[in-house]
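Let's take a walk through this one together. Have a look at the chains below, and then we'll go through them piece by piece.

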Amino acid sequence: MYYVVTFALIITMALALTRAILGPSVYDRVLAVNMLGTKTVLLLSVIAFLMGRPDFLDLALAYALINFIGVFAVLEFFRNRAAKQPEEKP
Amino acid sequence: MELFLDIASWILMSLGGVFVFIGGLGALRMPDLYTRMHAAGITDSIAPILIIPGLMLQAGLTLASVKLLAILVFLLLTGPTASNALASAALLAGNRSEQVKSTAVPESEE
Amino acid sequence: MTVIFGFFLLTLLLITAVAIVQSQNLFVSVMLSGMFSLLLAVNFFLLDAADVALTEAAVGAGISTVLLLSALAITAKHEKAPSSSRVGALIIVIIATLVLIYATLGNPQFADPNAPVHQHVAPWYLDKTAEAIDIPNVVTAVLGSFRGYDTLGEVFVVFTAGIGVLFLLGTQPGPFAQSNPFKLTDPKGLRHYLIPRVVGRMLIPFILLFGLYVQFHGEYGPGGGFQAGALIAAAIILFALLEGENSALKVIPRSVLIGLIAGGALLYGVVGLFGIFLGSNFLDYSVLSSNPVKGQQMGLLIIEAGVGITVTGVLLSIFHAFAARGKF
Amino acid sequence: MELLGLYYYWVFAILLMIGLYAVIVKLNLIKKLIGLSLFQAAVFLLYITMGKLEGGTAPIVTDANANGLFSNPLPQVLILTAIVVGISTMALGLGIVIRIKEEYGTIEEDEIQEIDK
């Protein structure tokens with residue numbers, strides 16, 4: 001049963017990777033990275049059960065806690081850029 | 001009882017797998033940034049809600065269940081936060097959904 | 001079945017690597033290397049290396065992205081289109097790949113129990129850990145006790161890298177810097193980023209707690225000083241991203257950071273010297289207590305703490321050096 | 001199936017050479033560092049692959065699996081430290097790149113050589 005979930009997760013990771021490679025804007029790529037991060041947390045949890053060692057959930061916990069730091073760093077990176085550009089009225 | 005728990009956990013996990021896949025498909029196939037964010041963001045929340053309780057039913061009352069609960073809580077905190085931050089950053093940068101083709105910041109200018 | 005998952009994930013890894021090299025936009029390369037790190041960690045986990053996967057998670061999930069982005073903010077976002085011919089390099093690389101693949105035909109099969117690597121010292125480590133140190137995690141036992149010299153060397157490499165970055169960049173802003181690198185001075189930014197700030201501040205204590213858990217639970221599960229150091233540094237970096245770099249420097253000033261860098265490495269070395277003073281060999285912890293097994297466990301606990309302190313100090317100093325240098 | 005058993009080594013070879021290609025061809029110094037980290041990752045993968053044992057689990061001995069098979073702990077120890085050393089040395093490289101940018105105004109290798117002439 002774990003296999004079905006694992007397959008779904010891995011295929012979704014492939015889809016997210018495709019989105020990250022296709023782009024087109026930088027935000028799409030950040031979105032894909034974030035999505036891949038969530039999928040990785042779930043995949044690590046499922047694999048821990050699949051391998052019969054549920055004591056290895058620490059790994060998924062680590063990702064769940066710190067994976068979004070990367071997203072914040074990206075936003076900080078772009079916010080400073082956006083703040084400097086003149087306001088555009090649509 | 002054992003069988004019932006197994007069946008319940010299988011149903012939860014399969015549903016989670018389906019939602020995960022739908023989210024991935026949406027993130028790939030949707031036409032612009034905000035709709036993709038919608039697909040990815042919502043399934044990023046619903047998939048842990050389904051899959052992790054499914055695993056908890058398998059683990060029973062052990063330390064693993066507590067860790068799974070922690071993972072669920074942290075995922076539910078960080079996932080929507082990241083989506084929110086991402087959406088507002090894209091909005092701030094002038095990324096408008098209805099005219100995404102014309103105003104999306106091309107990467108050459110980033 | 002897990003082997004098939006492994007193949008699939010390895011293929012994804014290769015695709016990501018090609019995309020990283022192919023992209024002309026450096027920002028895209030950095031994002032994709034974040035994904036590469038995630039996929040690499042899952043692969044490590046599938047190959048039974050839980051400790052290694054945890055290290056990759058702690059380092060790759062936040063810190064390497066932050067460091068690469070802050071370097072990008074100072075230097076350039078784009079790479080120039082390559083002008084020189086790439087055909088020669090491509091031919092060399094393809095030939096080398098074919099030679100390497102030909103060489104692997106003589107390698108032992110994947111996961112073969114009769115491979116030479118499984119015959120030599122590994123069974124000895126697995127047998128002796130229970131007897132000599134009596135902790136469940138063999139990786140930590142090998143890391144801290146059986147191969148303590150190696151780890152001491154690695155800690156000094158990390159120490160030297162940290163000192164090197166401090167020498168190169170110092171603490172002063174560089175010529176490309178602008179004032180207040182991380183301060184949330186823009187009111188618009190503040191309004192839009194309220195939710196991340198609140199949630200992020202809520203999570204920081206949990207990350208620190210988890211870091212300490214990984215540090216002191218390293219003898220029983222995946223974990224240890226290297227992972228814990230990276231996790232704690234990630235928590236402080238998150239704080240710096242949310243509240244501005246200066247607030248983070250108020251929490252841990254630069255002088256303390258330098259003390260941490262030197263102190264951790266020193267702690268490790270001093271524990272080793274204690275072995276000599278108490279009449280045994282360098283880095284032999286058995287003599288630290290009347291019971292040799294207890295002595296080993298004590299020694300491991302102290303040196304893991306030393307490793308954690310040094311890694312935290314080095315990663316944070318590097319982050320502050322980069323952040324002070326540029327506008328980010 | 002015999003050939004499939006070597007797939008892990010092939011991934012190592014290809015990944016190693018992708019990293020090497022980036023280091024040789026790319027003129028941008030940050031891109032070279034990213035290529036170097038790919039090269040590093042390939043070596044990590046080779047070590048961990050070699051430590052895997054058929055039917056084994058991670059070398060953490062609990063009561064439940066005290067008599068089971070365990071994968072080789074030694075490569076894991078070497079790579080665990082190497083990952084942290086890798087990030088520190090990459091940071092050192094990035095520090096050097098930042099200093100180069102400040103002195104030369106560029107991080108493209110050919111432009112730096114042009115200035116040095």
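First, a word we'll need a lot: a residue is buried if 20 or more other C-beta atoms lie within 10 Å of its own, exposed if 12 or fewer, and partly exposed in between, with C-beta atoms placed from the backbone. Helices (H or I, at least four residues) and strands (E, at least two) are DSSP runs, numbered from the N terminus. What you're looking at is a predicted model, where local features need pLDDT of at least 70, side-chain atom pairs count only at pLDDT 80 or more, and totals for chains, interfaces and linings use all residues. Residues are numbered from 1 along each chain as its sequence is written, while chains are lettered from A and ligands numbered from 1 in the order in which they are written.

Start with helix 6 of chain C, residues 138–146, which is mostly covered: nine of its nine residues are buried. They run from Val138(C), Val139(C), Thr140(C), Ala141(C) and Val142(C) to Leu143(C), Gly144(C), Ser145(C) and Phe146(C). Their cover includes helix 3, helix 5 (122–132), helix 7 (148–169) and helix 13 of chain C, along with helix 3 of chain D.

That brings us to where chains D and C meet. Here 72 residues of chain D are in contact with 82 residues of chain C, contact meaning that the C-beta atoms of two residues, placed from the backbone, lie within 7 Å. On the chain D side, helix 1 (7–25), helix 2 (29–51) and helix 3 (73–104) each supply at least two residues. Helix 3 of chain D gives the largest share, 23 residues.

Now for the inside. A nonpolar core is a set of buried Ala, Val, Leu, Ile, Met, Phe, Trp, Tyr and Cys residues joined through C-beta atoms within 7 Å. The largest one has 225 residues, and those with the most contacts inside it are Leu59(A), Leu231(C) and Ala234(C). Its largest share, 17 residues, comes from helix 3 (residues 50–74) of chain C. Among the residues that Leu59(A) touches are Leu44(A), Phe45(C), Ala50(C) and Pro222(C).

Finally, two loop residues of chain C. Asp48(C) has a positive phi of about 70° although it is not a glycine, and you'll find it in the loop between helix 2 (26–46) and helix 3. Asp48(C) counts as buried because it has 29 C-beta neighbours inside 10 Å. Leu283(C), also not a glycine, has a positive phi of about 65°. Leu283(C) is in the loop between helix 12 (254–277) and helix 13 (292–325) of chain C.

Methods. Lists of a residue's contacts leave out its neighbours within four places in sequence.
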